[in-house]
Structures are given as C-alpha cells and as structure tokens.
Amino acid sequence: MCGRYASSRAPEDLAGLFRARLEPREELAPSWNVAPTDPVWAVLERPDRDTGEPDRRLRTLRWGLVPSWSKDPGGAARMINARMETVHEKPAFRRAFTRRRCLLPADGFYEWQSVPATATAKAYKQPYFIAPEDSSVMAMAGLYEFWRDPAVTDEDDPAAWLATATIITTEAADAAGRIHPRMPLALDPDDYDAWLDPAHQDADALRALLHTPAGGRLEVRAVSTAVNSVRNNGPHLLEPAPAA
C-alpha cells in the first residue's frame, strides 16, 4: 500500500513538468509527510467549459476517494489506495477508472518494516523512504471523484463539492519489495497523455499502461522514526537514520 509520501516541489515547477495550467488561487505548502485526508497536488484533464477542448490543470484534491454515490464522506481514509489488479471492476473505482484519471506527483513514498523486540529494546516499526534513483518526480497513477454535499443547497457554492483522489498500487519492484509487497504505481512520461485523456475510455488499453513502476529503478533508505507521527514535517524526515 501507500499510506504516506513526500511532495515538496513548487507548484510552478510541477505545472511546467506536466505541461499543466496551475489553477488560480490554489495553494499548498511543501510536505515531507503527506498523510491520508491531506490536500495533495494532482494533474488532471477536463474539457474546457467554453471550447470543450481538453484542459490539463494542476489542482488540489483531498487524498482518500469518496465515490459520487456515497451517502457521506466518512469512508475516505479507507479509500487512499486502489489495487491495479482490480481497479477496473471494483464499484468504488471502476467509473473513475474510465473517466477520471489523474497523476499525483511525489518525491517518493514511505513504507514500514517491523523490527522485533530484543533483550534491550522494544519492538518498533522502521520507516524507509523509497524514491527514484535519479531523484526524478514520481507521477503516481491515481483516480479522482467529485462528491456532492446535499447539505449545501447551492451547487455553485464551492463548499457543495468535495474533490478526492486515490493512488493505484501494484506489486512492489526490486528493493521496494524487500520492505513491503505493495507500492504506488508510477507512470512512464510517455504514458501521461493517454492516461490523462478523459476521452480514452478503453479499460483494457488503460490497464496496459499500468506496468512496472519507474522500471524498478528505486532507491531505499532507512529514515528517522519521526515520520511515524503526522505532526512532524520537514526535509529532515528524509535524512538517513543513524546506524544501529
């Protein structure tokens, strides 16, 4: 799974990298400890209201997908991930898979490995930071949805709509697989256009885009247990953990 990640690049840099328009008034501080239900940067395409042409934009979504048919948004924290093997058929994800796909930019992600107790120390979970070897941006494959809040009567009120996202995961590759069996699926740059195109609705062709993330070229390093608390944030979380 992916339950925590880092996203510290400036929105202007992300917009340029993904050839996207930065939506006005969108603000989000860098985070080295992105957690479920946090607002996150996402790249997506929607038809322009005036021209109907695809409009690629960088905007914020809340991490934890709320399907449009949900009675309330309370289950979002359970919908932070969608399995690549079944995303096209699960009721919570299948409509978004064919119509509302996005990319979630990340520096890398965290996974944890249990360390058993010893005679002198308690058991604990050791966090690891996993990122591309070349320090490039991970474009994690995602889905997004809009949920209409029935308590807000005016549908033109921004508060009437909740925009949320989930990250697609796959079997872990290479070094990441030694830490955890699942990991977020990062798309190749050559596949960005096809993945984001809302007119592309062939489920089999879309699933073919979901293959080995980052070509398996990932770096793994143990980091401080400070990342275990969502209250901690900052670039120091990526520093290598002291040798045991």
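This briefing describes the overall form of one protein chain and then some of its residues.

The structure is a predicted model. Its protein chain contains five helices and 13 strands. The chain has a radius of gyration of 18 Å, close to the 18 Å that the globule rule gives for 244 residues, so the chain is as compact as a globular protein of that length. Six aromatic pairs occur in the structure, and Arg19 and Ser135 each have a positive phi although neither is a glycine.

**Overall form**

- The C-alpha trace of the protein chain spans about 65 × 40 × 35 Å along its principal axes.
- Of the 244 residues in the protein chain, 49% are buried.
- Among contacts in the protein chain with a separation of 6 or more, 67% are between residues 24 or more positions apart.

**Surface and charge**

- The protein chain has an accessible surface of about 12,400 Å². Carbon and sulfur atoms account for 50% of this surface.
- The protein chain carries 29 positive and 35 negative charges. The mean position of the positive charges and that of the negative charges are 7 Å apart.

**Aromatic residues**

- The structure has six aromatic pairs, and one of them joins Phe97 and Trp195. The geometry of this pair is edge-to-face, with 6.0 Å from centre to centre and 65° between the planes.
- This pair links distant parts of the chain, as Phe97 belongs to helix α2 (residues 94-99) and Trp195 to helix α4 (residues 192-196), 98 residues apart. Phe97 and Trp195 are both buried.
- Tyr144 and Phe146 also form an edge-to-face aromatic pair, in which the centres are 5.7 Å apart and the planes make an angle of 85°.
- Tyr144 has a relative accessibility of 1% and therefore counts as buried, since the term applies to values under 20%.
- Tyr110, Trp112 and Phe129 together make one aromatic cluster.

**Residues with positive phi**

- Most residues other than glycine have a negative phi.
- Arg19 is not a glycine, yet its phi is positive, at about 55°. Arg19 is found in the loop between α1 (11-17) and β2 (21-22).
- The relative accessible area of Arg19 is 56%, so Arg19 is exposed, a term used for values over 50%.
- Ser135 likewise has a positive phi, near 65°, in a residue other than glycine. The loop between β9 (124-132) and β10 (138-148) contains Ser135.
- Ser135 counts as exposed because its relative accessibility is 53%.

- Ser8 sits in the loop between β1 (5-7) and α1.
- With a relative accessibility of 23%, Ser8 counts as partly exposed.
- When neighbours within four places in sequence are left aside, Ser8 is in contact with Pro30, Ser31, Trp32 and Asp107.
- Ser8 and Pro158 are separated by 150 residues in sequence, and their C-alpha atoms are 26 Å apart in space.

Key: Residues numbered from 1 in each chain as written. Predicted model: local features only at pLDDT ≥ 70, side-chain atom pairs only at ≥ 80, totals over all residues. Heavy atoms only, no water. Helix = DSSP H or I, 4+ residues; strand = E, 2+ residues; numbered from the N terminus. Rg over C-alpha atoms; globule rule 2.2 N^0.38 Å. Buried < 20%, exposed > 50% of the residue type's maximum accessible area, 1.4 Å probe, protein only. Contact = heavy atoms within 4.5 Å. Areas by Shrake-Rupley, 256 points an atom, 1.4 Å probe, with all protein chains shown as cover. Lys, Arg positive; Asp, Glu negative; His and termini not counted. Charge placed at Lys NZ, Arg CZ, Asp CG, Glu CD. Phe/Tyr/Trp six-rings, centres within 6.5 Å; stacked < 30°, edge-to-face > 60°.
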